Amino acid sequence: MKLIRFAPLVCVAALLLSVPALAEEPPVVSAASYVLMDADSGRVLSERNCDEPRLIASTTKIMTALLVLERCDPDAVVEIDPAWTGIEGSTMYLASGQVMTVRDLLYGLMLASGNDAAVALACITAGDVDAFADLMNERAAELGCRNTHFENPNGLDGEEHYASARDLALITREAIKNPEFRRIVSTTSATVGELTYTNHNRLLRECEGVFGVKTGYTEAAGRTLVTCCERDGITLICVTLTDPDDWLDHAAMYDWAYDEYVLDDVVQQGSGWTLPVIGGVTDSVTALAEHPLPVLHREGESVSVLVRLPSFVYADVLRGDNAGSVTAFVDGTEVASAALIYGETVERERGQTRDILHQILSLPGLAERNIYALT
């Protein structure tokens, strides 16, 4: 028997959202490697050597905090083990027998950059540092990190402890989805017991919109910095590795990006496309965009939209069920997508059977069609 296939309805819209103009080049950055990323789409706006593995110092602690928050109750009360104290490098000054919450340790981790807090949290979460490092590597792989390997939770230099700027941005992109993480890294100071810790990230106070994330330094790694910034509904992530001018570089990159890029809803909420209905009380149904589809772009970039819908549907059709998808591209690269839903319920006409093969074979040929084009 010959297999008959009908192609789905694929619709392309070319959106000329701006008149091509000479775009301003990104500022010169002193870092050995860096990346500026759109947090919503993961699109890289500017980079240099962003896939090069490098020492990352205490920016490691972004992954540590993410894992702890995914696996532990921040309100859980713990007693500090002697083995978790006296760790080399930066510290939150843990004392044996001290009682505190996981949240207290997270503030010490992200504000004071406590290496002792990192070890304590690793052992609380996974039993020991090595087991926690395994979890870090598993989670990094899940997030699509290809040039990252962790040996410890604090970022002390190691031959097998490294990450790329892009990978750190991907980890941060996931971490800032957690409200508790955002609250901690955006805090300028916090008191735990008798000690008050001040956030090392001076851009929280000096750069508009910055709300985190983590500083780092070792002699071998140099200065490392990961920050996030939100202005006008646009959230960006900047990562610099081995950068002597990191504060100035991050501020300059944000000012450049917010001047150059705009956020447009290329599909409006409620936008609709009509599909034929077979065997229903009405002969069509609307596929709706339940939410707008925002796209970050700059002057001269080509923005296009691809709508994927079936060639037809057959009754019953239920309002709110998935109908297809809409995907946005900038210069041919996918940057955003959303589901489409049916806007109405279409019941089957009385007396109609669900002999699907008969219904399909009785249809005229349905093929790909352009249903709209905006210029």
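Guide: Leaving out residues up to four places away in sequence, tyrosine 258 touches Cys229, Glu230, Arg231, Ile234, Thr235 and Leu236. A contact here means heavy atoms within 4.5 Å. Please note that this is a predicted model, in which local features need pLDDT of at least 70 and side-chain atom pairs count only at pLDDT 80 or more, while totals for chains, interfaces and linings use all residues. Residues are numbered from 1 along each chain as its sequence is written, and side-chain values use heavy atoms, with hydrogens and water left out.

Visitor: In which element does tyrosine 258 lie, and why does it count as buried?

Guide: Elements are DSSP runs numbered from the N terminus: helices (H or I) have at least four residues and strands (E) at least two. Tyrosine 258 belongs to helix α8. As for burial, a residue is buried under 20% relative accessible area, exposed over 50%, and partly exposed in between, with a 1.4 Å probe and protein chains only. Tyrosine 258 counts as buried because its relative accessibility is 14%. The C-alpha atoms of tyrosine 258 and arginine 231 are 7.6 Å apart, although 27 residues separate the two in sequence.

Visitor: Which residues does threonine 235 contact?

Guide: Threonine 235, in strand β10 (residues 234–241), is buried because its relative accessibility is 9%. Beyond its neighbours within four places in sequence, threonine 235 is in contact with Tyr258, Cys229, Glu230, Phe211 and Ile176, and also with Met37, Asp38, Ala39 and Asp40.

Visitor: How many bridges join β9 to β10?

Guide: Two strands pair if DSSP finds at least two bridges between them. β9 and β10 are antiparallel and share eight bridges, with cysteine 238 in β10 as the bridge partner of threonine 227. Their hairpin has two residues between the strands, and aspartate 232 takes a positive phi near 55° there. Lysine 214 stands opposite valine 226 in β9. Eight of the ten residues of β9 are buried, and therefore this strand is largely enclosed by the rest of the structure.

Visitor: Which residues have the most contacts inside the largest nonpolar core?

Guide: A nonpolar core is a set of buried Ala, Val, Leu, Ile, Met, Phe, Trp, Tyr and Cys residues joined through side-chain atoms within 4.5 Å. The largest one has 62 residues, and Met63, Leu105, Leu106, Met110, Phe181 and Val239 have the most contacts inside it. Another core, of 26 residues, lies apart from it and includes Val266, Ala287, Ala336 and Val346. Helix α1 (residues 61–71) has nine of its eleven residues buried, so it is largely enclosed by the rest of the structure; Met63 is one of the buried residues in α1.

Visitor: Which strands pair with β17?

Guide: Strand β15 (residues 303–309) is joined to β17 by six bridges in the antiparallel sense, and leucine 306 has threonine 327 in β17 as its bridge partner. Strand β18 (residues 333–342) pairs with β17 over eight antiparallel bridges, where valine 326 stands opposite alanine 338. β17 and β18 form a hairpin with two residues between them, and aspartate 331 in the turn has a positive phi of about 50°. Seven of the nine residues of β17 (residues 322–330) are buried, so this strand is largely enclosed by the rest of the structure.

Visitor: How many helices and strands does the chain have in total?

Guide: The protein chain has nine helices and 18 strands, and 49% of its 375 residues count as buried.
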